[in-house]
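Please look through the structure shown here, then follow the paragraphs below. They take up its parts in turn.

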Amino acid sequence: MRRAVCPGSFDPVTNGHLDIIGRASRLFDEVIVGVLVNQSKSGLFTVEERIDMLREVTASYDNVRVESFRGLLVDFCRAQRASVLIKGLRAVSDFDYELQMAQMNIGLAGVETLFMPTNPLYSFLSSSLVKDVAKWGGDISSHVPDVVREQLRTRLAPGQPG
């Protein structure tokens, strides 16, 4: 079985993330979306909320599942019996960092990295940018699934934490 991991923090998931996940699902028998638990960083959404949103927006893919992980990504890959990582690249600046990570991952555990160029529609898109625009009341409807837009609207409403 050809199994790949699509890792990230997904705080929140964007249409750019979903484009990469969907394309990966056509290339592999199973895609595991790995949601990083980073205790040194507090996100807008809890890991559980991110997992719930991801499960909802990937439900149409029979071969995609969502799991959380902490620690080394290669250890998560081993536990999932996945030998390939899928990483989306938006710009050359992404490549510089991701190449170093890919080289470390192959050295540590023999885990290969497949770089997928982002669809040009999403080349500028990041979770941080979406949160900033949503915080100021901007229209993010073309950048995130409806469930994420509603969660952001609720979370960033006046008087709410975040």
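F115 touches K87, L89, F95, E98, L99 and A102, leaving aside residues up to four places away in sequence; contact here means heavy atoms within 4.5 Å. F115 lies in strand β5. Strands (E, at least two residues) and helices (H or I, at least four) are DSSP runs, numbered from the N terminus. At 24% relative accessibility, F115 counts as partly exposed. The terms are set as follows: buried is under 20% relative accessible area, exposed is over 50%, and partly exposed is in between, with a 1.4 Å probe and protein chains only. I20 is 95 residues away from F115 in sequence, yet their C-alpha atoms are 9.8 Å apart in space.

This is a predicted model, in which local features need pLDDT of at least 70 and side-chain atom pairs count only at pLDDT 80 or more, while totals for chains, interfaces and linings use all residues. Residues are numbered from 1 along each chain as its sequence is written, and side-chain values use heavy atoms, with hydrogens and water left out.

Two or more lining residues come from each of β1 (3-8), α1 (15-27), β4 (84-89), α4 (92-109), β5 (112-117) and α5. Helix α4 gives the most, with 8 residues. The volume of the pocket is about 1,300 Å³. A pocket is found on a 1 Å grid over the protein atoms alone, as an open set of points where a 1.4 Å probe fits, with protein on both sides within 12 Å along at least five of seven lines; lining residues have an atom within 4 Å of a point. By class, the lining has 19 nonpolar, 16 polar and 8 charged residues.

M104 is also found in α4. It is partly exposed, with a relative accessible area of 49%. M104 and D11 are 93 residues apart in sequence and 25 Å apart in space, C-alpha to C-alpha.

Which residues of helix α3 (residues 73-80) are buried? They are L73, V74, F76, C77 and Q80. Seen down the axis of α3, these residues fall within an arc of 155°, so they line one face of the helix; the arc is that of the directions from the helix axis to the C-beta atoms. They pack against β1, β2 (30-36), β3 (64-69), β4 and α4. The C-alpha atoms of D75 and K131 are separated by 30 Å. After α3 comes R81, whose phi is positive, near 55°.

In helix α6 (residues 146-155), the buried residues are V147, V148, L152 and R155. They cover an arc of only 135° around the axis, which puts them on the same side of α6. An α-helix has 3.6 residues a turn, so residues three or four places apart point the same way. The buried residues of α6 pack against α2 (47-57) and α5 (127-135). Exposed D146 and R153 are on the face of α6 turned away from its buried side.

The UniProt annotation "domain: Cytidyltransferase-like", from an unreviewed entry, covers residues 5-131. Over residues 5-131 the chain is 43% helix and 23% strand, and the end C-alpha atoms are 25 Å apart.

Definitions and conventions:
Grid points are joined across faces, edges and corners, and a volume is the space filled by probe spheres set on the points. Ala, Val, Leu, Ile, Met, Phe, Trp, Tyr, Cys and Pro count as nonpolar, Asp, Glu, Lys and Arg as charged, and the others, Gly among them, as polar. UniProt positions are given in the numbering used here, feature names are shortened, and annotations may be inferred rather than shown by experiment.
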